[in-house]
Amino acid sequence: MATIVAFFLFSTLLQSLFASVPPPCVFPFIYRGKSYNSCTEDASENRPWCATVANYDQYKKWKYCATKEYGGNSAGKQCAFPFTYKKRTYYTCTNEDAEIGRFWCATTGSYDKEEQWSYCADTRLAANSQGPCVFPFIYKGQSFSACTKAGSSDGKLWCSLSSNYDREPKWTYCTPSELRPCNFPFRFNNKYYFRCTSDGTSDDQLWCATTANYDTDSKWRACATEEYEGNSKGKRCVFPFIYNGKRFNSCTNQNSKDGRFWCSVTSNYDKGRQWSYCADTRL
């Protein structure tokens, strides 16, 4: 009898616990006949909210959006992007394998390795922008095996979250949490690497460590295979180029505030002052 009572009390506790946790946001959702793809402050006092059903107008179910990561086994540490899960590359939160459908993220560069995670801030989420990058993917009939700036008006790198963007336009920016450059050489699985590698991945994503030892630090980035951003919006490097009266035959991180390597896109930066961040595969 005591065992039955204990089980009943435990079940009641679990039910009350899950009942007190609101369901996740549903994107897109309908509010006053308009479709919302992310949290909104419409009709609220500067506090973001979301519907927890696809049609708020019909069911009136909603919650305030969490603006910071919470819970998980990392006690709500911030997301680390990119992270690997099942050897795939994530720049977004995911609800894959989540018991109650909540979106989560790894809080280190590799969930596969450390298994540290948090539930995602709802304000990170948006319709059609969750899941791993899919490589290769098709965009305008062309195949891409890495993040690309193709079609980007600002030169930012992005990836498709479906194998064919032309048929299923789901995507996300390839923006790492820490804007660190590749560190060459770096150590991975007790081997030294002097350039980007796809070792250890299942999606053939080229990557590099951003510290000298990935095995101890788990910090990495997906390697860019083309120039990106800068005030030239990702135009190609021109070598050699002149900077501060000095000739450069390769990319440099001189006077780069975050240590990332850059290049001039004209033969004389001192005159043109046009630049891009370098492809990591150039370094």
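**Figure 1. Glu 229 in the loop between strand 16 and strand 17 of the predicted model.** Phi of Glu 229 is near 50°, a positive value in a residue other than glycine. Most residues other than glycine have a negative phi, and most peptide bonds are trans. Glu 229 counts as partly exposed because its relative accessibility is 24%; buried means under 20% relative accessible area, exposed over 50%, and partly exposed in between, with a 1.4 Å probe and protein chains only. Residues are numbered from 1 along each chain as its sequence is written. In this predicted model local features need pLDDT of at least 70 and side-chain atom pairs count only at pLDDT 80 or more, while totals for chains, interfaces and linings use all residues, and side-chain values use heavy atoms, with hydrogens and water left out.

**Figure 2. The cis peptide bond from Phe 239 to Pro 240.** Omega of this bond is near -10°. Pro 240 sits in the loop between strand 16 (220-222) and strand 17 (241-243).

**Figure 3. The cis peptide bond from Phe 184 to Pro 185.** Here omega is near -5°. Pro 185 belongs to the loop between strand 12 (171-173) and strand 13 (186-188).

**Figure 4. Asn 255, a residue other than glycine with positive phi.** Phi of Asn 255 is near 60°. The residue is placed in the loop between strand 18 (246-248) and strand 19 (262-264). With 61% relative accessibility, Asn 255 counts as exposed.

Figure 5. Glu 69 lies in the loop between strand 4 (62-64) and strand 5 (83-85). The side chain of Glu 69 reaches two backbone nitrogens: that of Cys 79 at 3.4 Å and that of Ala 121 at 3.0 Å. Polar contacts are pairs of N or O atoms within 3.5 Å; within protein, one must be able to donate a hydrogen and the other to accept it, and residues adjacent in sequence count only if both atoms are side-chain atoms. Beyond its neighbours within four places in sequence, Glu 69 has contacts (heavy atoms within 4.5 Å) that include Gly 76, Cys 105, Tyr 119 and Arg 124.

**Figure 6. Phe 83 and the largest nonpolar core.** This core has 61 residues, and those with the most contacts inside it are Phe 27, Phe 29, Phe 83, Cys 93 and Cys 159. A nonpolar core is a set of buried Ala, Val, Leu, Ile, Met, Phe, Trp, Tyr and Cys residues joined through side-chain atoms within 4.5 Å. Leaving aside neighbours within four places in sequence, the residues in contact with Phe 83 include Tyr 90, Trp 104, Cys 105 and Trp 220.

**Figure 7. Gln 274 in the loop between helix 5 (269-272) and strand 20 (275-277).** Gln 274 is partly exposed, with a relative accessible area of 29%. Not counting residues up to four places away in sequence, Gln 274 touches several residues, among them Asn 231, Ser 232, Cys 263 and Tyr 269. The C-alpha atoms of Gln 274 and Tyr 214 are separated by 34 Å, and the two residues are 60 apart along the chain.

Note on methods. Helix = DSSP H or I, 4+ residues; strand = E, 2+ residues; numbered from the N terminus.
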